Amino acid sequence: MDVNDREVCLQINLHPLDAPHAVHTLPHQMRALGPQVDEIQLTLDLHLSQGSRYRTTDYPEKLKSLRQTIDRICAEHPKAYVVEVDYAEQTARQVARAFLGGDFIPMRAENGSPFYAYLFGMYSARSPHVLHLDSDMLFGGGSLTWVREAVAKLAEDRQLLTCNPLPGPPTADGSLRSQQAERVPAPYPAFRFHSLSTRVCLLDTRRFRSGELRVPLLNPGLSKRLQCYVNYTPPYLALEDSLGALMVERGLSRLDFLGNGPGLWTLHPVHRSPRFYQELPHLIARIEAGDVPEAQRGDYNINDSMFDWSEVRAALTWKRKVRRRLEYAAAGIAGRMRDLRS
């Protein structure tokens, strides 16, 4: 297939911190979406940030494990290739101009989440449509036509900025239990939102490259700006907040829908633990088989009916939270001191 004939890129952001789950989730995502797209870009972010929760103490080991997983995926799937996030000033300026309309773009958001890396991945895709995923997203339903249906919807309705699979396995009446949204008339569950999540979204990037749409930069409130200074993180809200503000400003929306036939739906694991990593292959097998308890239906986050998180919640004590905040602040101060010395 000629590069110019490509239509949809499955673009998955990866960081060494993702290695323990990516070894299981990437093959699953290939099965769920690989046959529906024209290219698969594995966007590898090697950036080490100070003062955020997106840090890892065993970086070299996790990077080695992640590279091994990526190599296997690329060997098994001819459509797949890896792109390392390029933080060179010239490249960052090109990405900024394509999506923000200026020369500046923050590397990360105030909470340490990716900002530049997300947009770099979309910018580097060879296809006009980009189905962006975080590496921990899980998919059920098994539809092999959802992507084609979503691309058609974006073409038909210019008020749609993005399309997503249904959030959570469908309920008997098609309603959502964990979110409030406008239900759209359709032969399957479909809902309209006025916000966006960078966990998963299908975008037509030509709308940004042409200058029709621009991603705004949003500053957090005073208390968060002070926290940014201490933690040494950029004073900008997350990319999904910026895109949400754009949607409100321009009257755009997002459509989450199941689609024809078995459809496609998502689940997201909120926490991490050794037992979660151990059970993840079994959990993926259940999701692919549609083995979902009633209490999980309509909920887009994996809840206790699907996997018992009580052990993880018990570990999230206030002392641990305070200790983590102090660690982030210490890392941020150390980074600022290094800048002053250089």
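Buried means under 20% relative accessible area, exposed over 50%, and partly exposed in between, taken with a 1.4 Å probe on protein chains only. This is a predicted model, in which local features need pLDDT of at least 70, side-chain atom pairs count only at pLDDT 80 or more, and totals for chains, interfaces and linings use all residues. Residues are numbered from 1 along each chain as its sequence is written, and side-chain values use heavy atoms, with hydrogens and water left out.

**Exercise 1.** Decide whether Ser253 is buried or exposed, and find where it lies.

*Solution.* Start with the place: Ser253 belongs to strand β10 (residues 253-257); strands are DSSP runs of E with at least two residues, helices are runs of H or I with at least four, and both are numbered from the N terminus. Next, take the accessibility: Ser253 is buried because its relative accessibility is 2%. Finally, look for contacts (heavy atoms within 4.5 Å): beyond four places in sequence, Ser253 meets residues including Arg192, Phe193, His194 and Met247.

**Exercise 2.** Work out how helix α1 and helix α2 are oriented.

*Solution.* First, α1 and α2 (residues 59-76) pack at about 15°, with axes 9 Å apart. Axes here are lines fitted to C-alpha atoms, for helices over the stretch in contact, and angles run from 0 to 180 degrees between N-to-C directions. Angles under 35 degrees count as roughly parallel, over 145 as roughly antiparallel, 65 to 115 as roughly perpendicular and the rest as oblique. Therefore α1 is roughly parallel to α2. Last, list the partners: among them are Leu26 and Met30 of α1 and Leu66 and Ile73 of α2.
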